Amino acid sequence: MEEEKTPKISVWDLPDVPKGKLPAHLELQRTRVICTPDAATNTENIRYSGAYASMGVDNSLRLGHFRDNFRVEVVRLTEDDMEFDMIGIDASLANAFRRILLAELPTMAIEKVLIANNTSVIQDEVLAHRLGLIPLKVDPRMFEYMSENDVPNEKNTIVFKLHSRCERGSSRIKVLSNELQWLPRGSELTVSTEKPAVDPTSRPRTYTSFNCSQDSLPEFSNNPIGPKHDDIIIAKLGPGQEIELEAHAVKGMGKTHAKWSPVATSWYRMLPEVVLLQEIEGEIAEELVKKCPVKVFDIEDIGKGRKRATVARPRSCTLCRECIRADGKEKEKEQRIYWDKYVALRRVKDHFIFTIESTGALPPEMLFTEAVKILEDKCERVITELS
């Protein structure tokens, strides 16, 4: 009996791919980063705009599509940190937003330190550097930038005084940030001059020129300026040691020095996507739950004594790949479980989990708003130059 032969089909008789729509495997490749047990990401990460032009699909970043699909969802908001989702955005824009938060939002930080006396073990330069990194609780929008030719005044400078002494015979003490005393009237250190003052009744010349006291201004009358945290250790003094100085804070940005960065950190990651490729029940389900170190999976009772694995907390996934790695060599080859047949790990390319940790000068939601304004200004400048 002769075997039936499979009829040959000409390439011209194959069905056409519908225009404007990708096959499922290509759509998955376009919108997801697929993680494998051995590699960090898939190598077929298609990003260029004409990748699917032959199928009638535009892979470029279009303004109309971005406007219709972009949204922000706040997940967590506290006094100092904020977690939110940026959905429908390209990685380049997400990274631009992160860099603006780190480097282009202004804050106030100590820039100049006038040391009258320092007998501690900390050198003057190190002491000045430590003071500059203390976050100050003050709205930088209330102050102006100070150039090299400007005179320090109440609109561009904040002055602090620090005087701490460890008496002889006493034990070692800590100098904390709460000892920084705000001087709303400006500097109290006089400038030494060779020529004596003509008018002995005139006020001695100091290192600032304040026309009024800063605490008389309405924005600071009920909100005194000071360090965000009172327990930051500046130095430790032994018996007989003393620190006396004056610190001047000015407005600046993180791209000049990290002390002006308004965030402790600002970072993002793609939304993890954990997919079960088939039903996982019984002992294998329990083994899968134990494999995950961050408890992404859970056991669900489906009745009649049967249990199956479910994806309970996909957002917690760190993509460690423990759930898709095959069992180790301690098991016989025929007993090993190749988990990538059960579980798929992916990352959504246009969905970013964003976290902002403020240093305290401005709340995180305000930092977000100010960063959006700067990004908007940048986009408008680019459009103007192109047109």
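F220 is buried, at 4% relative accessibility (buried means under 20% relative accessible area, exposed over 50%, partly exposed in between, with a 1.4 Å probe and protein chains only). The model is predicted: local features need pLDDT of at least 70, side-chain atom pairs count only at pLDDT 80 or more, and totals for chains, interfaces and linings use all residues. Residues are numbered from 1 along each chain as its sequence is written, and side-chain values use heavy atoms, with hydrogens and water left out.

The chain holds seven helices and 15 strands. Helices (H or I, at least four residues) and strands (E, at least two) are DSSP runs, numbered from the N terminus. Of the 387 residues, 37% count as buried. Contact means heavy atoms within 4.5 Å. Among contacts with a separation of 6 or more, 74% involve residues 24 or more positions apart.

Aromatic pairs were assigned to rings of Phe, Tyr and Trp (its six-membered ring) with centres within 6.5 Å; planes under 30 degrees apart count as stacked, over 60 as edge-to-face and the rest as tilted. The count comes to eleven aromatic pairs. W182 and F220 form an edge-to-face pair, 6.5 Å centre to centre with 75° between the planes. W182 lies in strand β8 (residues 181-182) and F220 in helix α5 (residues 218-221), so this pair ties together parts that are 38 residues apart in sequence. W182 is also buried, at 14% relative accessibility. Elsewhere, ring pairs link F84, F97, Y268, F352, F354 and F368 into a cluster.

Two lysines were assigned to ring faces. A charge sits over a ring if NZ of Lys or CZ of Arg is within 6 Å of the ring centre and within 35 degrees of the ring normal. The charged end of K251 sits over the ring of Y145, 4.7 Å from its centre. For K259 over W260, the distance to the ring centre is 4.9 Å.

V159, in strand β6 (residues 158-165), is buried at 0% relative accessibility. Beyond four places in sequence, its contacts include W182, L183, F210 and H248. V159 and I110 are 49 residues apart in sequence, yet their C-alpha atoms are 8.7 Å apart in space.

S266 belongs to strand β12 (residues 263-276). At 3% relative accessibility, S266 is buried. Outside four places in sequence, S266 contacts R98, L101, L102, F354, T355 and I356. Of these, F354 is one of the residues in the aromatic cluster.
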